[in-house]
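Me: Walk me through this model in short questions and answers. Start with the terms.

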Amino acid sequence: MPKRESQPQIAGVSPGAAIPGGDVRIHGQGFQPHNGNRPVVRFGGSEGSILLWSENELVARVPEEASSNVEIETQDGRSNAFPLAVGQLVADNLHPVANPAVDSEGNIYVTFSGQRGQKVAVPLYKISPDFTVKPLAAQLINPTGLALDRSGELFVSCRNDGTIHRVAPDGRAQKWVEGMGIATGIAFDRDANLYVGDRSGTIFKISPEREILVFATLEPSISAYHLAFDPEGDLYVSGPTTSSYDRIYRINHAGQVSVFYRGLGRPQGMAFDRAGNLYIAASLGGRRGVVRVTQEGEASLVLSGAGVVGLALLARRAVLATASALFTIDWDVAGLPPGG
């Protein structure tokens, strides 16, 4: 049966991915019913709250029980179902402050970081591919950055005392290096060197033999440095400051620093896809979620979500960390293979 002329019709949804609590813009026609009543927006079987609507545009918040596909219903009829990638909750009651880490078997590692100096009973969790949550009772205070080396061993920075720990599969933590200032983001390069961001202004480079060098110096951050390597081996660093127009730095192999992009609000965890695009937990133009920046410097919000602090890109799937929970989403983005 053909649609009536007044029946709502969705032409597009922006961004094309979201987690519950995120806001999406729906474009089309027929959103303002003739009787003036508010339309209804459904994400799968769950109704979302409407923040703004007109004849051709509607802004809605993704509800907690949302699933893929968006529909709009008015008394004039129901629209077509338009696809939307929606993240599903994996675990909550967490406290990540940076990217989660995912090993080659699909296990996810995430922290309960706690307040400065707070020692919690379980500072680290391992979540299996079937989303079984296992506590790792490592003796760590304020675990912050997570990184896996090429052999799959987990390394954790602790901002409380400037230490880096190596964590065994059973959760036992061994101090690997100390004296890293306020140690936050960490990342391995292709040669197994570990880079550590001291948020007071230093990027350290630590060789496999634990020789420590100052690799670069940057403007201090009010919260943390977050580190990621691109497919070519350059290091990228985000670090929120008091500015609402923060920069992403690029540091080449020789330690030379340049500004890759400027204009994000509170940029945090980062990851690259295989095409060299950078994905950042940040806000752009006042809209919060995950921002993609191409190598040409073109930025766009590609996932909507409140409180996103980090992410891990896999093959056609992503893991997203907020300040209190972990989500997984089927997403048409291919992350870098293990080892970059």
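Reply: Ala, Val, Leu, Ile, Met, Phe, Trp, Tyr, Cys and Pro count as nonpolar, Asp, Glu, Lys and Arg as charged, and the others, Gly among them, as polar. This is a predicted model: local features need pLDDT of at least 70, side-chain atom pairs count only at pLDDT 80 or more, and totals for chains, interfaces and linings use all residues. Residues are numbered from 1 along each chain as its sequence is written, and side-chain values use heavy atoms, with hydrogens and water left out.

Me: By class, what is the lining of the second largest pocket?
Reply: A pocket is an open set of points on a 1 Å grid over the protein atoms alone, where a 1.4 Å probe fits, with protein on both sides within 12 Å along at least five of seven lines; lining residues have an atom within 4 Å of a point. Here 15 residues line the second largest pocket, with Val97, Ser223, Ala224, Arg266 and Gln268 nearest its centre. The classes are 6 nonpolar, 5 polar and 4 charged residues.

Me: Which strands are the edges of the open sheet of 4 strands?
Reply: Strands are DSSP E runs of at least two residues, numbered from the N terminus, and two strands pair if DSSP finds at least two bridges between them. The order is β10-β33-β32-β31, with antiparallel pairing. Pairing on one side only marks the edge strands, β10 (88-91) and β31 (308-313).

Me: Which residue in β33 is the bridge partner of alanine 315?
Reply: Strands β32 (residues 315-322) and β33 (residues 326-334) run antiparallel and are joined by 6 bridges. Alanine 315 has as its partner alanine 334.

Me: Why is the pair of phenylalanine 155 and phenylalanine 188 classed as it is?
Reply: Rings of Phe, Tyr and Trp (its six-membered ring) pair if their centres lie within 6.5 Å; planes under 30 degrees apart count as stacked, over 60 as edge-to-face and the rest as tilted. The centres of phenylalanine 155 and phenylalanine 188 are 5.2 Å apart and the planes stand at 75°, so the pair is edge-to-face.

Me: Are tyrosine 236 and phenylalanine 260 buried or exposed?
Reply: Buried means under 20% relative accessible area, exposed over 50%, and partly exposed in between (1.4 Å probe, protein chains only). Tyrosine 236 and phenylalanine 260 form an edge-to-face pair, 5.1 Å centre to centre with 85° between the planes. Both residues are buried.
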